[in-house]
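Me: I'd like a close look at one part of this model. Please keep it brisk.

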Amino acid sequence: MIDPSRFERVARIDSTNSELMRRPFGARPAEPCALAAEVQEAGRGRNGRGWLGDASRSLALSVAIEREADGASLLGLPLAIGVAVADVLAGHGAPARLKWPNDLQVDAPDGPAKVGGILVEARHQGALQRVVAGVGLNLAPSPSLSAERVGQPAGALFADGAVPPREALERALADALADVLEAFPRDGVRPWLARWRALDALHGAPVDLLRGDGTREPGVARGVDDDGALRVERPDGTLERVVAGEVSVRRRG
């Protein structure tokens, strides 16, 4: 859990993740901290996409934790964070599904719509490692959001605009993220996989793999393996293991 004295809230910032990443290290690991913003002017999503905050309609929150660096892999951490976020939202009456590796979606009249994204970053200094997990959420419908800005059709968690008390939601999310960041170096992604699979928005769906060179290959999403990598069935029936950061995945149709 985040100590209340380590929870900050600001009206406006470039990016909550960027702010926690650029803060200087101390001589020893700092206690976990959280930073929330009403408006995020230069929020960042996956592959450099912008994630803009809209006061009263969106939420931007990041949690940072420091520890002695031991070389443990962060592979699968966005999936674990996604489960934690989805569980908090479900407890506040806003069930969401998870799109590999780091998006939250809801069903909308025109199909799945993105309502949130997760960004995990790490920084090292000497023997210390800082891991920052950020989440951006569309709480209520906003005219400023578009498919071009979020990379797919945009939706809202609370389509009727009845958003729960913001501070309670922020603190619940911050505590959930801190719990995952504390446990992940020890447990890895496996304790969260069953829940993630139950929330998988892509399982069995036709998808396109977008390569870094611009090529596009069709396939069918077949869930994740025990390390959190996506399995995609290719047209010839073979399975390809896709690691986050290697390619982008888009639903077809």
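How do strand β10 (residues 206-210) and strand β11 (residues 216-224) pair, and over how many bridges?

Reply: This is a predicted model, where local features need pLDDT of at least 70, side-chain atom pairs count only at pLDDT 80 or more, and totals for chains, interfaces and linings use all residues. Residues are numbered from 1 along each chain as its sequence is written, and side-chain values use heavy atoms, with hydrogens and water left out.

β10 and β11 pair in the antiparallel sense, over five bridges (pairing takes at least two DSSP bridges; strands are DSSP E runs of at least two residues, helices H or I runs of at least four, numbered from the N terminus). At one point, L209 stands opposite E217 in β11.

Now step out to the sheet. β10 and β11 belong to an open sheet of five strands. Read across, the order is β13-β12-β11-β10-β14. Pairing in this sheet is antiparallel. The edges are β13 (239-242) and β14 (248-251). Each has a single partner strand, so one side of each lacks a neighbour in the sheet. From one strand to the next, the twist averages 45° (angles run from 0 to 180 degrees between N-to-C directions of axes fitted to C-alpha atoms).

The wider chain gives the setting. It holds 14 strands and five helices. Of its 253 residues, 50% are buried (under 20% relative accessible area, 1.4 Å probe; exposed is over 50%, partly exposed in between). Among contacts with a separation of 6 or more, 66% join residues 24 or more positions apart (contact means heavy atoms within 4.5 Å).
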